[in-house]
Amino acid sequence: MTGYYLIIGLTMLASWIVSNRLKSKFQYYSQVHLRNGMSGKEVAEKMLRDNGITDVQVISVPGQLTDHYNPADKTVNLSEAVYMQRNAAAAAVAAHEVGHAVQHAVGYSMLQLRSKLVPMVNISSTLSQFVIMAGIGVMFASRTIDNPQGNTWILAIGVALFAVTTLFAFVTLPVEYDASNRAMKWLKSTGTVTEEEYVGVEDSLKWAARTYVVAAIGSLGQLLYWASMLLGGRRD
C-alpha cells in the first residue's frame with residue numbers, strides 16, 4: 001500500500017498548496033474595491049438580468065467559500081462576505097456562480113451530465129473505499145497456488161464504484177472552467193469591472209479552478225493504483 005499512501009500524500013500536499021494560494025489571492029483581491037460600488041449580490045443580479053434569467057434568486061448563506069448554484073431550487077447561494085462585499089474577489093465569485101445559472105438556462109451539456117451523475121456519485125463516494133478494502137482482503141485471503149491472483153470480483157466492484165467518482169471529477173472541470181469563462185467575458189464586456197479589477201477577477205478564478213484540477217488528478221492517481229492492483233500489477 002506504499003504507492004497508495006504516496007499518492008494520497010502528494011495529493012494532499014498539492015491541495016494544501018493550491019488552497020492556501022487561493023485563500024491568499026482572495027484576501028488580496030478583497031482589498032481591490034470596485035469603482036462602481038456594486039456588492040456581490042448586485043453583480044450577480046445584474047448578470048442574471050443581462051442574460052435574461054428572471055427565475056433565479058440570489059441569497060446569502062453562512063460560512064466561507066460556501067458559494068454555489070443550486071439547480072434544484074434555482075438559487076445562487078453566496079457566502080456572507082461575497083454577498084455583501086464590494087471588491088474584485090466578491091465580483092469574481094458572484095459572477096462565476098451565475099455562470100452556472102447561465103449554463104443551466106441554456107442547457108449546457110456538461111452541466112447536465114454532471115447533474116445526472118450526482119445520484120451515482122453519492123452512492124459510489126460512500127461505498128467505494130469500503131468495498132475496495134474488503135476486496136483487497138478477499139483477494140489476498142483467497143490466493144492459492146492454482147489461483148495466485150485470488151478472488152478479485154469484490155475489488156472489481158470497488159474499482160468500478162471509484163471510477164464513477166473519478167469520472168465526476170473530470171466532468172466537473174469543463175463545467176467550472178466554462179462558468180469562469182462566462183463570468184470573465186460578461187464582467188469585461190459590460191464594463192462591470194475596470195481593467196485593474198479584471199486582473200484580480202481572472203487571477204482569483206484561475207486559482208479556484210486549480211483546486212478542481214488537483215482533485216481530479218488525485219482521484220485519477222488513486223483509480224490507476226487500484227486498477228493496477230486488480231490487474232495484478234501490484235502485489236504489495
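Throughout these views, buried means under 20% relative accessible area, exposed means over 50%, and partly exposed is anything in between (1.4 Å probe, protein chains only). The model is predicted, so to speak of local features takes pLDDT of at least 70 and side-chain atom pairs count only at pLDDT 80 or more, while totals for chains, interfaces and linings use all residues. Residues are numbered from 1 along each chain as its sequence is written, and side-chain values use heavy atoms, with hydrogens and water left out.

View 1. Strands here are DSSP runs of E, at least two residues, numbered from the N terminus.

**View 2. The neighbours of β3.** Strands pair if DSSP finds at least two bridges between them. β1 (residues 57-61) runs parallel to β3 through five bridges, with S60 partnering L78. β2 (residues 68-70) is antiparallel to β3, with three bridges, and N70 stands opposite T75.

**View 3. Tyr and Trp ring pairs.** Rings of Phe, Tyr and Trp (its six-membered ring) pair when their centres lie within 6.5 Å; planes under 30 degrees apart are stacked, over 60 edge-to-face, the rest tilted. The whole structure has two such pairs. Y28 is exposed at 55% relative accessibility, whereas Y29 is buried at 10%. Y225 and W226 are also edge-to-face, at 5.2 Å and 75°.

Conventions. Helix = DSSP H or I, 4+ residues; strand = E, 2+ residues; numbered from the N terminus.
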